[in-house]
Amino acid sequence: MREISVFDVIGPNMIGPSSSHTAGALRIALMARRIIEGRITKVTFILYGSFARTYQGHGTDRALLGGIMGFSTEDKRIKDSFRLADQKGIQYEFVPDTVTAGVYPNTVEIIATSEDGRKVDIVGESIGGGNARLVRINGIKVDISGQLQTLVIMQKDVPGVIAHVSQCCYEAGVNIAFLNMYRENKNETAFSVIQVDGDVSDKLVEAIRRQPNILQVNLIKL
């Protein structure tokens with residue numbers, strides 16, 4: 001008798017008995033992929049809570065790896081994530097942590113290294129119904145759901161950055177729905193998370209990048 005994979009049950013839409021462990025997990029990794037610049041060569045997934053206990057049986061591992069490769073929740077290639085990641089030369093590992101307490105039940109920490117040697121550390125939570133949020137980037141607390149098109153801007157924490165971004169959005173005719181700024185310490189690195197109505201163009205992203213105190217601009221568009 002052939003073993004039945006969770007992907008045989010839920011299909012490419014990933015609708016099934018545990019959307020938190022499949023679609024939600026993929027959304028975390030896909031949002032993380034939008035923030036990580038360059039080709040990813042190595043990624044470690046540290047799994048907490050129920051993710052750590054059931055990630056293989058529920059297909060969480062395939063979903064996370066698929067998201068890191070840019071697959072959507074409906075992409076039929078998810079079931080072949082391991083093989084495709086191997087073909088792309090991506091080194092990957094899954095590290096279950098069943099010891100750490102006080103963590104949201106479906107949490108994963110994604111530590112990714114790009115080909116230029118840059119490392120990004122992102123923590124996300126799958127919050128039910130296939131929805132997810134990023135809660136930490138490089139140690140800085142954030143709250144990113146990806147429900148709207150979202151600009152994630154890494155910047156120096158100095159005056160003028162937010163004004164520049166707002167002006168660029170105004171000139172592009174893009175309405176800012178929500179704007180939040182996150183930082184650990186004053187005058188150090190900060191993240192602005194800007195959710196907008198409508199579409200963000202490449203031209204707008206490039207205009208925002210021109211401000212010298214902006215270090216990185218990424219668009220989360222799911």
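Modeller: A definition first: a residue is called buried under 20% relative accessible area, exposed over 50%, and partly exposed in between. This is a predicted model.

Colleague: What kind of aromatic pair do Tyr92 and Phe94 form?

Modeller: Tyr92 and Phe94 make an edge-to-face pair, with 6.2 Å from centre to centre and 65° between the planes. Phe94 itself is buried, as its relative accessible area is 16%.

Colleague: And how are Phe45 and Phe94 arranged as an aromatic pair?

Modeller: The rings of Phe45 and Phe94 are stacked, with their centres 4.9 Å apart and their planes at 10°. This pair joins distant parts of the chain, since Phe45 belongs to strand E1 and Phe94 to strand E2, 49 residues apart. Phe45 is buried as well, at 0% relative accessibility.

Colleague: How many aromatic pairs are there by this rule?

Modeller: The count is five aromatic pairs. One aromatic cluster is formed by Phe45, Tyr55, Phe82, Tyr92 and Phe94.

Colleague: Let us turn to the sheet. In what order do the six strands of the open sheet stand?

Modeller: The order is E2-E1-E3-E4-E5-E6, and the pairing is mixed.

Colleague: Which strands stand at the edges?

Modeller: Strand E2, residues 91-97, and strand E6, residues 140-144, stand there. Each has a single partner strand, so one side of each has no neighbour in the sheet.

Colleague: In what sense do E5 and E6 pair, and over how many bridges?

Modeller: Strand E5, which covers residues 131-137, pairs with E6 in the antiparallel sense over three bridges. Within E6, Lys141 is the bridge partner of Arg136.

Colleague: Now the helices. Which strands does helix H2 lie across?

Modeller: Helix H2, residues 23-35, lies across E1, E3, E4, E5 and E6, and runs at about 45° to E5. Helix H4, residues 60-68, also packs on the sheet, where it touches E1, E2 and E3. The direction of H4 makes about 145° with that of E1.

Colleague: A change of topic: which strand does Gln149 lie in?

Modeller: Gln149 is in strand E7, which spans residues 149-156. Gln149 is buried, because its relative accessibility is 12%.

Colleague: What does the side chain of Gln149 join in a polar contact?

Modeller: The side chains of Gln149 and Asp199 are joined by a polar contact of 2.5 Å. The Gln149 side chain also reaches the backbone nitrogen of Val200, at 3.0 Å. Beyond its neighbours within four places in sequence, Gln149 has contacts that include Ile194, Val196, Leu219 and Lys221.

Colleague: Last topic, the cysteines. How many disulfides does the structure hold?

Modeller: The number of disulfides is zero.

Conventions
Residues numbered from 1 in each chain as written. Predicted model: local features only at pLDDT ≥ 70, side-chain atom pairs only at ≥ 80, totals over all residues. Heavy atoms only, no water. Pairing = 2+ DSSP bridges. Helix = DSSP H or I, 4+ residues; strand = E, 2+ residues; numbered from the N terminus. Contact = heavy atoms within 4.5 Å. Axes fitted to C-alpha atoms, helices over the stretch in contact; angles between N-to-C directions. Buried < 20%, exposed > 50% of the residue type's maximum accessible area, 1.4 Å probe, protein only. Polar contact = N/O pair within 3.5 Å; in protein donor to acceptor, adjacent residues only side chain to side chain. Disulfide = S-S within 2.5 Å. Phe/Tyr/Trp six-rings, centres within 6.5 Å; stacked < 30°, edge-to-face > 60°.
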